[in-house]
Structures are given as C-alpha cells and as structure tokens.
Amino acid sequence: MDTVRTRFAPSPTGYMHVGNLRTALYAYLLAKKNNGTFILRIEDTDQERYVEGAVDIIYQTLRETGLNWDEGPDIGGPVGPYVQSERMGMFKQYAEQLVKSGHAYYCFCDKERLDALHEEQQKAGEFTHYDGHCRDLSPEEVQKKLDAGVPYVIRQKMPREGTTSFEDEVFGTITVENNTLEDQILIKTDGMPTYNFANVVDDHLMGITHVIRGNEYLSSTPKYNLLYEAFGWEIPTYIHCSPVMKDASNKLSKRNGDASYQDLVKKGYLSEAVINYIALLGWAPKGEEEIFSLEELCKEFDLSGISKSPAIFDPAKLLAINGKYIRALSTEEFLRRVMPYLKQGTSREDLNFKELAAMLQPRCEVLTDVIPQIDFIDQLPDYDAQALFTNKKQKMNPETCKTILEAMLPKLEAMTAEEWTAEQLGALALTVSEETGLNKRAAYGAFRIALSGKAVTPGGGDQIAVVIGKEDTLSRVRQAIEKLS
RNA sequence: GGCCCGUUGGUCAAGCGGUUAAGACGUCGCCCUUUCACGGCGAAAUCAUGGGUUCGAUUCCCGUACGGGUCACCA
C-alpha cells in the first residue's frame, strides 16, 4: 500500500483567500487521516504575477491554522526542491522523451502565423485553436530547423479520435472527446515548461498520490492523464472541489477584503473557528456534530462528504461558529486573546480585567465586539437622567431611582475591598429594594444605569461595579443622584 | 459558441426508489433574566422545470431553464 501524499501548491500572487485555504485544509486532512504526508510546493514560475511577501503569507497562514507541512521549501524533504522556479532545468528532458516516443512534437510556428491563424478562425466564427501545422513534420525537416536555430516549442500530440475518461472522487467518471483537446504547449520558446506540464512532472516526481484542487482544472485533467499515460506513470486520484462563492454567481474575490484569512483574523475571528467553518463549506460530516478541532477534523474527514455544487460563503454562520469558539474558551484564555481589543476600548489600567472578560465573553461573536461595549468605562456618557431612569417594565422612574441610589450610597461606602464582589453587591441591591419597598428590578436597574450611563450594558450593575472598582462606583452613583435632584 | 460540471428551505447541507425530506446558521415566537447577551423550548420555510422508466420518484434516464468552469508560449 502506497502511503498517501498530498500537496498544496499555491502561486505566490497575493494573500490567501478562503477558497485557497480550504483547498490546503482538505489536502492536509486527507493526508493526516491516512497517516500520510502533506507537502507544500510553491509554484512561482509566473514572474509577472509574483507578489513580494506572498510566500511569507502562505507560510504564516498555514502555520497559524495548524496546517503544518511535512515537506516544503523551508524544511526540505526527499524530493526537493519544493520551489518550482528551482526545478526549471528538469523538465525539458521529459518533453524530449515524449517527442521520441511520439507523444509530442516540435512546433516551429511563430507568433505571426499563430495570430493570423487565430484571426482567420475567429472570422470563420470558430474558436481559436492550434491547427496541427507542425504535427507531422518529417524528422529531416525538424532536424533542419533545429540546426538552423529556429525557435520552437514542444507540443503534446493529442489523439485525434476516441475519448479519454478519468475518475474523479467527487464528480465520478468524466469522459471527453479527444478531438476537443488541443495540442497544448509543454515547453515554451524559452525552454521553460508550461504550468500544465510542470505540474504533472512535479506531481509524479514528488510521488503525489492524491491531487486536490479547484474544479477549474476539471477540463484540463484529460490532458494531464494523457501525459501520465504517455510516460507510463501511475495516475493519481483526483479530488476536484467546487469553488467557494461570494454569491450565487460570483466566486469569492481577492479584492473583497473580508475573504482573506488575514482580514478575518484582524476582524477578531479565531483561526480555529475559521478552519472549522471553511471545512464545512462544501463538505459535510457524517453525523450531526459540526464543531470540530483540526485534530477531530482529521478523523472525521471523508471524501464522500465533499459536495459537487459551489458553496456560498456565509458570514453569519462563520460569526455564529466563532461565537461558539469564543464561549468555549476559558476566561483566562479569552482574556489573553481579547486584551489587544480591550486596550483599544479603554486606557484604564486599574480595571478588574478578569471580571470584565467574564462579562464580555458571552456577549461577543468576534473579538472586536468588545470595543463598543466598553465605551462607558473610561468616561461616563453625558446622559439624560430623566429619560434613562424611566422604564415602565422595570418599574423605574426618576424618583424611585433616586431613592434607591441614596439608600445604596452609604452601604456602598461602608463596603470593604474584600466584600466588593458581584455577589455581595447584588445582595446589597436586593436589601435596598426590600428596605425601600421598591421593586428589585428597579434597584438592579438603577444601579446599573448609574454606573454606565447607558440603557444597554454588558452585564449587570454588580459586575460593572467590580470591573470599575469602588472609587469610581461611588463617584458615578453620586453623579446620578445629583442629576436626579 | 463547443466541451465539461452543477441545481434539496434565505445560506451550509443530510438523503443515495417507499422518510412526518435530518441537522446547523439566519428569521420569528415563548421561557430564563437587573438591560443586552448566553442558555432552553418551539414555529415557519426546500427537492429548478417538462417528459419518461417504475406499483411508486428528491433519488434512475432524456430534454429545457438557470448557474459555474474551460477553450493561452498564465498559473
């Protein structure tokens, strides 16, 4: 039994969008599920589209998400190099081997002839394709041109009749007429391989057993297979995945900021949650559970769960899953992760951050959600007391609130630092409600609003008091009483 | 346009000839509740379409519509 070897082979042309990451994830999962090897290969042969720093983004994204590769450019491996541009010398001999075996041929057609040909075809209402002009040149003619130094490319000689079929794990058997296959270029005038050729040779040389990629390659796969057959190489298992869409008819685009992994993290998404969500985009687990750690995904992942149709990226579902992950964190861990965002919302150092985190944790779906929720902490808003302390449902009005707060103030002043806990403060509010004969909802509400100056707050007055501390609490209660006088 | 592929609630989707057509997100309602959340319970909502095949089609076959992909000396 061959061990499973999969690869993720991105082009460093920008940042990683969610669709890319998903392909990497599936390749990783398939390898790990089978105790196989996950390989990273950088396909950087297109200098035009090369983007500075893109390789680092690929490394960083895969590391952050835990998709660690077993062989790759930075760590090497038995079948390197793992950067395609460093492999450039090795392809031509393979193409020449194909010429010898009659599966490929030299083509001396220059750009002018090709342009003219295509123009003619277009005029005739046809779609452009190579006409096979050099396909049947005699060996003598070929040698003569070669000797004369005429520039050439090497083209694959497609069969003119019959059909080619291949098996895809997702789409099943796919068959195409051979006469629809163009004699594609394998080696360019500059001696370098085209992507399609390099890809086949590299995958074979690297021992790739399962090719996982986007289904934009579905149509070119028959050509790949003909190449494998011509070499007598073993054909890998194909797994083509439908794209991740932005809406019903548009793929997720790189331009649309929120589609990239980096941006999601910046917006306060947890990388575990992002991985979990994108695993679910176009793949369904066997059971009903859908929250999985990467490790669990390795066990759970199965090719039969990959769906054929495109999946629309749903930010609302990602949000919900992210919220679940946030709530599942320990308070300490949540605090650690949310701290940078808390710092954006408050400059105070004296807060009880643990209590603050506990308060905020069930109230955010992304880490950035904490920022607007703590806007009352550094500075009490300039609120309208008459309006804010009026709430029929809570039986609150300015007078009752004033009575309550005045009753609370001395009791608060008397509390020691040890007693200053949410439990004791809650009990205090209850006592006041009993003593004044006023509704307990009003007691709780008055205290909460006095401390926050807001109708809607994360958590109750008792918790807020713990967060901001005794001194600030007393000051805010006094201010409220004054406003109500 | 040729070729290839796809189509189950608003979204992700299970299903693989006979089901009350799962589940999740979202939406709505109720409960819990010191506001807002969390949590709990419940509801509405789906087989693109027309023909076959079959005792019986969401499921199999053909057509139609719609959507996607691909037809480079790009990857």
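Helices in this briefing are DSSP runs (H or I) of at least four residues and strands are DSSP runs (E) of at least two, numbered from the N terminus. On that basis Asn35 is placed in the loop between H1 and strand S2 (37-40). The model is a predicted one, and the secondary structure of its chain A comes to 20 helices and 11 strands.

**Overall form of chain A**

- The radius of gyration of chain A is 33 Å, whereas a compact globule of 485 residues would have one near 23 Å.
- Taken along the principal axes, the box filled by the C-alpha atoms of chain A is roughly 110 × 50 × 35 Å.
- Buried residues make up 36% of the 485 residues of chain A.
- When contacts in chain A between residues at least 6 apart in sequence are considered, 76% of them join residues at least 24 apart.

**Surface near RNA strand B**

- RNA strand B is surrounded by 63 residues, of which the closest are Tyr195, Ser309, Ala320, Tyr444 and Gly460.
- By residue class, this surface divides into 23 nonpolar, 22 polar and 18 charged residues.
- At least two residues of the surface come from each of strand S6 (172-177), helix H6 (195-205), strand S11 (311-312), helix H11 (315-328), helix H18 (440-452) and helix H19 (461-468).
- Tyr444, one of the closest residues to RNA strand B, is also among the buried residues of H18.

**Helix H18**

- H18 consists of 13 residues and spans 18 Å from its first C-alpha to its last, which is close to the 18 Å expected at 1.5 Å a residue.
- The helix is mostly covered, since 11 of its 13 residues are buried, including Ala442, Phe447, Arg448 and Ser452.
- The packing partners of the buried residues of H18 are helix H15 (385-388), helix H16 (398-414), helix H17 (422-436), H19 and helix H20 (470-484).
- Gly453 follows H18 and has a positive phi, near 70 degrees.

**Helix H9**

- Helix H9 (residues 271-280) is largely enclosed by the rest of the structure, because nine of its 10 residues are buried.
- Among the buried residues of H9 are Glu272, Asn276 and Tyr277, together with Val274, Ile275 and Ile278.
- Helix H1 (18-33), H2, helix H8 (261-266), helix H10 (294-300) and H11 are the elements against which the buried residues of H9 pack.
- Just after H9 comes Gly282, with a positive phi of about 100 degrees.

**Strand pairings**

- Strand S8 (residues 210-214) and S9 run parallel and are joined by five bridges, with His210 standing opposite Thr237 in S9.
- Strand S9 (residues 237-241) is mostly covered, four of its five residues being buried.
- Strand S3 (residues 104-107) is covered on both faces, with Ala104 and Tyr106 buried on one side and Tyr105 and Cys107 buried on the other.
- S3 and strand S4 (residues 153-156) run antiparallel and are joined by four bridges, and Val153 in S4 is the bridge partner of Cys107.

**Backbone features in loops**

- Most residues other than glycine have a negative phi, and most peptide bonds are trans.
- Asn35 is not a glycine, yet its phi is positive, at about 55 degrees; Asn35 counts as exposed because 9 other C-beta atoms lie within 10 Å, and the cut-off for exposed is 12 or fewer.
- Lys395, in the loop between H15 and H16, likewise is not a glycine and has a positive phi of about 55 degrees; with 14 other C-beta atoms within 10 Å, Lys395 is partly exposed.
- The peptide bond joining Gly80 and Pro81 is cis, with omega about -5 degrees, and Pro81 lies in the loop between helix H2 (54-65) and helix H3 (92-100).
- Pro81 has 14 C-beta neighbours inside 10 Å and therefore counts as partly exposed.
- If its neighbours within four places in sequence are left aside, Pro81 is in contact with Glu86 and Arg87.
- Pro81 and Ile42 are 39 residues apart in sequence, while their C-alpha atoms are 9.8 Å apart in space.

Definitions and conventions: Residues are numbered from 1 along each chain as its sequence is written. Chains are lettered from A and ligands numbered from 1 in the order in which they are written. This is a predicted model: local features need pLDDT of at least 70, side-chain atom pairs count only at pLDDT 80 or more; totals for chains, interfaces and linings use all residues. A residue is buried if 20 or more other C-beta atoms lie within 10 Å of its own, exposed if 12 or fewer, and partly exposed in between; C-beta atoms are placed from the backbone. Two residues are in contact if their C-beta atoms, placed from the backbone, lie within 7 Å. The radius of gyration is taken over C-alpha atoms; the globule rule is 2.2 Å times the number of residues to the power 0.38. A residue is near a molecule or strand if its C-beta atom, placed from the backbone, lies within 6 Å of it. Ala, Val, Leu, Ile, Met, Phe, Trp, Tyr, Cys and Pro count as nonpolar, Asp, Glu, Lys and Arg as charged, and the others, Gly among them, as polar. The expected span of a helix is 1.5 Å times one less than its number of residues. Two strands pair if DSSP finds at least two bridges between them.
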